[in-house]
2 protein chains.
Amino acid sequence: MTELVERLRERGWRMTAQRRVIAEAMAGDHVHLAADEVYERARAALPEVSLATVYNTLNELVEMGEVLELTHADGRKRYDPNTVERHHHLVCTSCGRMLDVTADEPGLAESERHGFDLHDVEVTFRGRCPDCA
Amino acid sequence: MTELVERLRERGWRMTAQRRVIAEAMAGDHVHLAADEVYERARAALPEVSLATVYNTLNELVEMGEVLELTHADGRKRYDPNTVERHHHLVCTSCGRMLDVTADEPGLAESERHGFDLHDVEVTFRGRCPDCA
DNA sequence: GGGCCACATTAGAACAGTTCCAACCTTCGA
DNA sequence: TCGAAGGTTGGAACTGTTCTAATGTGGCCC
């Protein structure tokens with residue numbers, strides 16, 4: 001059982017076969033799957049799972065804060081199960097591959113805050129990955 | 001005539017009535033309109049302009065590097081005409097309002113580069129704007 | 001000025017990703 | 001065992017964007 005499934009179970013989330021395969025589909029480091037990729041993987045384990053359930057489940061996981069929703073330039077949302085370690089992303093502008101990285105977090109000067117109540121910073125490094133170079 | 005229109009003219013871009021109203025629709029600081037908002041504004045100045053032209057034109061401006069394409073959490077692309085000063089963004093998580101800010105740019109340690117040829121860093125600060133607080 | 005051609009524009013169809021819906025199925029407590 | 005709450009489903013609907021094929025137009029050449 002994966003860490004994520006473990007955590008969900010502890011939170012008393014009703015664990016059905018569908019939800020389990022969906023949560024397990026996202027296991028691993030540097031995993032940032034789009035919904036259809038989660039669907040693919042989930043179906044490999046449980047063929048009768050439906051796309052609607054994948055979307056329902058992913059949205060619930062995001063609301064619960066167990067998964068991060070990332071917006072990628074191609075318009076498809078990605079889902080990142082790594083909510084434990086604070087991290088940022090390195091994206092290949094050519095193939096779209098996305099890796100987790102740690103980096104210093106820039107601050108925002110008071111004079112630049114425009115009265116906002118700041119609560120998060122997201123850093124995306126863009127470049128060309130070795131395979132595409 | 002706006003700066004952007006000026007620059008485009010200098011680049012020898014064929015300036016039609018439609019292209020002008022589209023380029024002018026994006027004038028100003030802290031402007032990050034979605035395509036349909038550009039369409040609205042353009043139509044106010046030239047009612048017979050079509051949505052297809054708005055998309056064609058925006059995509060061309062992005063390719064020419066005269067406008068930046070931003071991906072917003074709601075899935076709609078935003079277009080930022082401020083390509084002159086390097087800047088980052090401050091986004092309200094509640095209403096989606098987006099402001100330009102300047103901030104230090106974080107670097108990425110060699111050990112975290114995974115062999116990528118880095119060429120850009122994008123920083124997004126998230127918070128709640130005064131109107132939404 | 002008139003004709004021509006490359007290119008701009010257009011409405012609407014097509015498309016992709018996501019959400020909604022209404023029917024059905026499961027789980028679990030009483 | 002029953003009923004209610006909630007999970008799952010396929011397909012329809014919706015939204016933002018791109019494509020297509022027909023039509024319009026700016027500006028160069030004569």
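Which strand of chain B pairs with β6(B) in the parallel sense? The legends below take this up first.

**View 1. Strands β4 and β6 within chain B of a predicted model.** Strand β4 (residues 88–92) of chain B pairs with β6(B) in the parallel sense over four bridges. Strands are DSSP runs (E, at least two residues; helices are H or I, at least four), numbered from the N terminus, and two strands pair if DSSP finds at least two bridges between them. B:C92 stands opposite B:G127 in β6(B).

**View 2. The β6 strands of chains A and B.** Residues 117–128 form β6 in each of the two chains, and 11 bridges join these antiparallel strands. A:D117 has B:R128 as its bridge partner, and A:F125 has B:V121.

**View 3. The rotation axis.** In chain A, the residue closest to the axis is A:V123, at 2.3 Å (C-alpha).

**View 4. The contact between the chains.** Contact joins 33 residues of chain A with 33 residues of chain B (C-beta atoms, placed from the backbone, within 7 Å). On the side of chain A that touches chain B, β6(A) gives the most, with 12 residues.

Residues are numbered from 1 along each chain as its sequence is written, and chains are lettered from A in the order in which they are written. In this predicted model, local features need pLDDT of at least 70, side-chain atom pairs count only at pLDDT 80 or more, and totals for chains, interfaces and linings use all residues.

Notes
Least-squares fit on C-alpha atoms with pLDDT ≥ 70 in both. Contact = placed C-beta atoms within 7 Å.
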